[in-house]
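Please find below a colleague's note on the structure shown here. The points are numbered so that each can be checked against the coordinates.

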Amino acid sequence: MTMKSAEATARPFTFTGFRRGFVAALPFILSNGIAGAVMGVAYRGLGLGFVPAVLFSLLVYSATAQAVTLGLWALPPPIAAMMLACVATNARYLVMGAHLRQLFHDLPRRLMLPILAILGDASWLMTVAEADKGRRDAGYLFGCSVPMAIGWIGGTALGYLAPLTPHGPLAVGAAFLPLAFVAALLPTQWRGQRSLMPWALSAAAAVTVAGTLGQSWAMLIGGGVGTLASALRGDDA
C-alpha cells in the first residue's frame with residue numbers, strides 16, 4: 001500500500017498539499033487551543049513563569065507527556081520519573097516516524113526533520129489516510145501539523161495570561177487532562193482481544209500502586225507493566 005501511494009505522487013512535497021492539510025486541520029486550532037489554555041492555567045498555578053510555560057509546550061510539544069508530567073509534579077520535581085514518563089508516552093512516535101520515513105523516503109532529511117518536530121497523532125493519522133487514497137504528500141503532513149501546533153502553543157500562552165484562577169473548574173479540568181489524553185489514545189492502541197490481558201494487568205498494577213505509592217506513580221508503573229507483558233508475549237508495536 002505504501003509503495004502504491006509512493007508511486008502515485010511524483011513530488012513528495014507540494015504547496016497545494018500544504019494548503020489542503022492546513023485547511024483540513026483548522027478546527028484543531030480551537031480544540032488544541034482549549035486544551036492548551038487549560039495547560040497554561042495549570043502551569044501558572046504550579047508557579048512556572050510565562051516563558052518557561054510556553055517553552056514547555058514549544059519544546060516538549062506533547063500533550064500526553066505534558067499532561068502526565070503535570071500529574072507527577074511535586075517539589076522538588078521527580079525529574080527521573082518525569083523523563084521516564086515522557087519516553088514511555090512518546091515511544092509510539094518511533095513507530096510513526098519509521099512509517100513516515102518509508103512513506104516519504106525520497107524527501108531530504110533537512111525538510112523532513114523540521115516537519116517531524118511538530119508531528120502529532122492526528123496529523124499522522126490524516127496523512128496516512130491521505131496516502132492510502134493515493135495522495136502521498138509531505139506538504140499535507142506539514143499543513144496539518146501547523147494549526148495543531150498553533151492551537152497548543154498559542155493556547156498555553158493565552159491560558160497563562162488569561163485572568164482565570166487556577167482553582168475551581170479549571171483545576172478540575174487540569175486534573176483530568178492526563179486521563180483525557182490517555183483515553184484519547186486508547187482507540188489507536190487497541191489490537192482486539194490480544195489487548196485485554198496487558199491492559200488488565202496494567203489496570204491492576206495502577207490500582208495497586210495508587211493505593212501504596214500514590215496516584216503520581218500509578219499511570220507510569222501501570223503502563224510499564226502492560227508494556228512489559230505485551231513485549232514478553234512477543235506482540236508487535
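1. Basis of the note. This is a predicted model, in which local features need pLDDT of at least 70 and side-chain atom pairs count only at pLDDT 80 or more, while totals for chains, interfaces and linings use all residues. Residues are numbered from 1 along each chain as its sequence is written, and side-chain values use heavy atoms, with hydrogens and water left out.

2. Confidence. The chain averages a pLDDT (the predictor's confidence in each residue, from 0 to 100) of 80, and 77% of the residues score at least 70. Over residues 1–9, pLDDT stays under 50, and the model has 14 contacts beyond four places in sequence for them; a contact means heavy atoms within 4.5 Å. Where pLDDT is low, the predicted coordinates should not be read in detail.

3. Overall make-up. The chain has 13 helices and zero strands; helices (H or I, at least four residues) and strands (E, at least two) are DSSP runs, numbered from the N terminus. Of the 237 residues, 39% are buried, where buried means under 20% relative accessible area, exposed over 50%, and partly exposed in between (1.4 Å probe, protein chains only). Among contacts with a separation of 6 or more, 78% come from residues 24 or more positions apart. The chain exposes about 12,800 Å², with carbon and sulfur atoms supplying 72% of it; accessible areas come from the Shrake-Rupley method with a 1.4 Å probe, and for residues only the protein chains shown count as cover.

4. Which residues of α4 are buried? They are A53, V54 and S57. These residues cover an arc of only 90° around the axis, which puts them on the same side of α4; the arc is that of the directions from the helix axis to the C-beta atoms. Their cover includes α3 (27–46), α5 (63–72) and α10 (138–161). On the other side of α4, V51 and L59 are exposed. Just after the helix, Y61 takes a positive phi of about 45°.

5. The nonpolar patch. F50, V51, L55, L58, L59 and L161 make a nonpolar surface patch of about 580 Å². Patches are made of residues with over 30% relative accessible area and no salt bridge, like charges being joined within 9 Å and nonpolar side chains (Val, Leu, Ile, Met, Phe, Trp, Tyr) within 5 Å. Helix α4 (residues 50–60) gives the most to this patch, with five residues. L55 lies in α4 and counts as partly exposed, at 37% relative accessibility.

6. The structure holds three salt bridges, each being a side-chain nitrogen of Lys or Arg within 4 Å of a carboxyl oxygen of Asp or Glu. E130 and R20 form one of them (2.4 Å, N to O). This pair links distant parts of the chain, with E130 in helix α9 (residues 121–132) and R20 in helix α2 (residues 15–24), 110 residues apart. E130 is buried, at 8% relative accessible area, whereas R20 is partly exposed, at 32%.

7. The remaining pair. R136 forms a salt bridge with D106, with the closest N and O atoms 2.9 Å apart. R136 lies in the loop between α9 and α10 and D106 in the loop between α7 (92–103) and α8 (109–116), so the pair ties together parts that are 30 residues apart in sequence. R136 counts as buried, at 1% relative accessibility, while D106 is partly exposed, at 33% relative accessible area.
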